[in-house]
Amino acid sequence: MTIKKHNKRKAQLTKYLEQLDEFNWHHPTQVSEMADSQHERDNRTYYLAQLSLVLFNNYQQSYMQIAQMLNMSSRTARRLTIDYEQDFDSLEEIMEELQNGEDW
């Protein structure tokens with residue numbers, strides 16, 4: 001993988017992770033009330049798992065590389081790829097789902 005592709009993918013992943021916080025922008029008065037809600041944590045964990053699975057299965061990234069890209073420990077990246085099944089075929093599908101905001 002070239003440095004240019006790696007930087008492009010890292011920028012794209014940062015954009016995807018920002019989408020995880022989209023709820024904060026649409027419902028600012030509810031954010032403080034829901035910050036610790038189990039539903040919010042479950043959604044965030046689910047999408048982090050999906051990103052991890054796509055990176056692991058489609059792009060053959062190691063747990064260490066996934067952890068670095070998604071700003072988590074390699075242990076968490078490994079656990080997410082084991083605990084969840086892959087529901088998306090590409091990073092673009094995840095982005096589209098996040099933009100639709102159906103789960104928020």
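Predicted model: local features only at pLDDT ≥ 70, side-chain atom pairs only at ≥ 80, totals over all residues.

Modeller: The mean pLDDT of the protein chain is 83, and 80% of its residues reach 70 or more.

Colleague: Which element has the lowest mean pLDDT, and which the highest?

Modeller: Helix 3 (residues 28-34) has the lowest mean pLDDT, 56, whereas helix 6 has the highest, 95.

Colleague: How many helices and strands make up the secondary structure of the protein chain?

Modeller: There are 7 helices and 0 strands. Read from the N terminus, the order of elements is α-α-α-α-α-α-α.

Colleague: What makes helix 5 and helix 6 parallel or perpendicular to each other?

Modeller: The angle decides the matter. Helix 5 (residues 63-70) and helix 6 (residues 74-83) pack at about 105 degrees, and their axes are 8 Å apart. Angles of 65 to 115 degrees count as roughly perpendicular, and helix 5 and helix 6 are therefore described as roughly perpendicular.

Colleague: Which residues meet where helix 5 packs against helix 6?

Modeller: Tyr63, Met64, Ile66 and Ala67 of helix 5 meet Ser74, Ala77, Arg78 and Thr81 of helix 6.

Colleague: How do you know whether serine 52 is buried or exposed?

Modeller: Serine 52 lies in helix 4 (residues 38-59). Its relative accessibility is 0%. Buried means under 20%, so serine 52 counts as buried. Leaving aside residues up to four places away in sequence, serine 52 touches Ile66, Leu70, Met72, Leu80 and Thr81. For the protein chain of 104 residues, 34% count as buried.

Colleague: Why is histidine 6 called partly exposed?

Modeller: Histidine 6, in helix 1 (residues 3-20), has a relative accessible area of 31%. Buried is under 20% and exposed is over 50%, with partly exposed in between; histidine 6 is therefore partly exposed.

Colleague: How far apart are histidine 6 and methionine 69, in sequence and in space?

Modeller: In sequence, 63 residues separate histidine 6 from methionine 69, while their C-alpha atoms are 9.9 Å apart. As to the chain overall, residues 24 or more positions apart account for 70% of the contacts with a separation of 6 or more.

Colleague: Where are glutamine 60 and asparagine 71, and are they buried or exposed?

Modeller: Glutamine 60 is in the loop between helix 4 and helix 5, and asparagine 71 is in the loop between helix 5 and helix 6. Exposed means over 50%. Glutamine 60, at 58%, therefore counts as exposed, and asparagine 71, at 71%, is exposed by that rule.

Colleague: What is the phi of glutamine 60, and what is that of asparagine 71?

Modeller: Glutamine 60 has a positive phi of about 50 degrees, although it is not a glycine. Asparagine 71, which is not a glycine either, has a positive phi of about 60 degrees.

Colleague: Finally, how many aromatic pairs are there, and which residues form the aromatic cluster?

Modeller: Rings pair if their centres lie within 6.5 Å. By this rule there are 5 aromatic pairs. Tyr46, Tyr47, Tyr84 and Phe88 form one aromatic cluster.

Note on methods
Residues numbered from 1 in each chain as written. Heavy atoms only, no water. Phe/Tyr/Trp six-rings, centres within 6.5 Å; stacked < 30°, edge-to-face > 60°. Axes fitted to C-alpha atoms, helices over the stretch in contact; angles between N-to-C directions. Helix = DSSP H or I, 4+ residues; strand = E, 2+ residues; numbered from the N terminus. Parallel < 35°, antiparallel > 145°, perpendicular 65-115°, else oblique. Contact = heavy atoms within 4.5 Å. pLDDT = per-residue confidence, 0-100. Buried < 20%, exposed > 50% of the residue type's maximum accessible area, 1.4 Å probe, protein only.
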